[in-house]
Amino acid sequence: MKSIRCGDYRLSRERPLIMGIVNLTPDSFSGDGLTGNIGKAIEHARRQLEGGADILDIGAESTRPGALPTPVDEELRRLLPVLQEITRWGVPISVDTYKPEVMRAALDAGASMINDITGMQDEAALQAVAGSDCAVCVMHMRGMPGTMQLAPEYNDVVKEVDAWLAAAVGRCLAAGVDRARLVIDPGFGFGKTLQHNLALFRALLAGEGDLPVLVGVSRKSMLGQITGRAVEDRLAASVVAALLAAQRGASILRVHDVLETKDALAVWSALK
Ligand code: HH2
């Protein structure tokens, strides 16, 4: 399968794609959240695009460890004004949400991908995406952000995450979502210790199946644990991790630092 169906777009799988993060939140872990200032958020989205993003991923609820859910109306209030502008730019826009109401509103506003950190477990979420042609990213998470990092435990994290994702994919297919629309994501940092994240990262290459994999490790605490650096000093670690994920076959790299990741991929592609 050479491309991912993503609304009106076809995303090539011939090279790793860069998904630029746009956080419309007051409390994102990376400190890049923009809320209440539509102009600044749109400017940030534009910069991500000019830096070389192939897709923008816009989210209006932080899912950092310990975060509490944002009410639907507040999420929509943050999201829609920005979404309505950037969906006119002629590039694929992904919306990072697990709420069916927000999915529906996002698709109505022209989003071409839904990025669900809860892996489409909710029947209403499946219904929200089934009738559209959007791409759907199903991510693995153990628990919910409020409590997911308290004491995550697995017998075999790689097998368990694979089985969970296979079940999530099965639910999507059964609901009528075509396989060509699906993207899977092991969910780095979502209900996982450093050791779990490392095992999942190393297993990326071995990942069976033909589905494209999205990897989101940008600025995450696993990189802080490895380097000892604070979130604002994790640029080099994030770029290296993105590059390694690309080498291990990731199709989509979800990153805060688009320009730097783009350069790293260009050098890799020229020198490999
Ligand atoms: N990570 C975050 C949010 N959404 N979606 C996918 N598919 N994969 C990820 O790894 C992922 C995600 C967390 O990062 P960020 O959006 O920067 O932080 P916050 O949730 O605090 O806004």
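Author: A polar contact is a pair of N or O atoms within 3.5 Å; within protein, one must be able to donate a hydrogen and the other to accept it, and residues adjacent in sequence count only if both atoms are side-chain atoms. The model is predicted, with local features needing pLDDT of at least 70 and side-chain atom pairs pLDDT 80 or more, while totals for chains, interfaces and linings use all residues. Residues are numbered from 1 along each chain as its sequence is written, and side-chain values use heavy atoms, without hydrogens and water.

Reader: Which polar backbone atom is 3.0 Å from an oxygen atom of the ligand?

Author: That atom belongs to Phe29. Side chains also take part: a polar atom of Ser28 lies 2.5 Å from a ligand oxygen, and one of Asn23 lies 3.3 Å from a ligand oxygen. Of the 480 Å² that the ligand exposes when taken alone, the protein buries 98% (Shrake-Rupley method, 1.4 Å probe).

Reader: How many residues surround the ligand?

Author: There are 18 (a heavy atom within 4 Å), and the closest are Ser28, Thr63, Asp185, Lys220 and His256. By class, the shell has six nonpolar, seven polar and five charged residues.

Reader: How should I read the sheet?

Author: Strands of a sheet pair through backbone hydrogen bonds, either parallel or antiparallel. Here strands are DSSP runs (E, at least two residues), numbered from the N terminus, and two of them pair if DSSP finds at least two bridges. The open sheet has eight strands in the order S8-S7-S6-S5-S4-S3-S10-S9, with parallel pairing. S8 (182–185) and S9 (214–215) are at the edges, each with a single partner strand, so one side of each has no neighbour in the sheet. S7 (residues 135–139) joins S8 over four parallel bridges, and Val138 has Ile184 in S8 as its bridge partner.

Reader: What lines the largest cavity?

Author: Rolling a probe the size of a water molecule over the atoms shows where empty space is left. A cavity is a set of points on a 1 Å grid over the protein atoms alone where a 1.4 Å probe fits but cannot get out, and lining residues have an atom within 4 Å of a point. The lining consists of Glu61, Thr63, Glu75, Asp96, Thr97, Tyr98 and Ile117.

Methods
Nonpolar A, V, L, I, M, F, W, Y, C, P; charged D, E, K, R; others polar. 1 Å grid on protein atoms, 1.4 Å probe; cavity = no way out; pocket = protein on both sides within 12 Å on 5 of 7 lines; lining within 4 Å.
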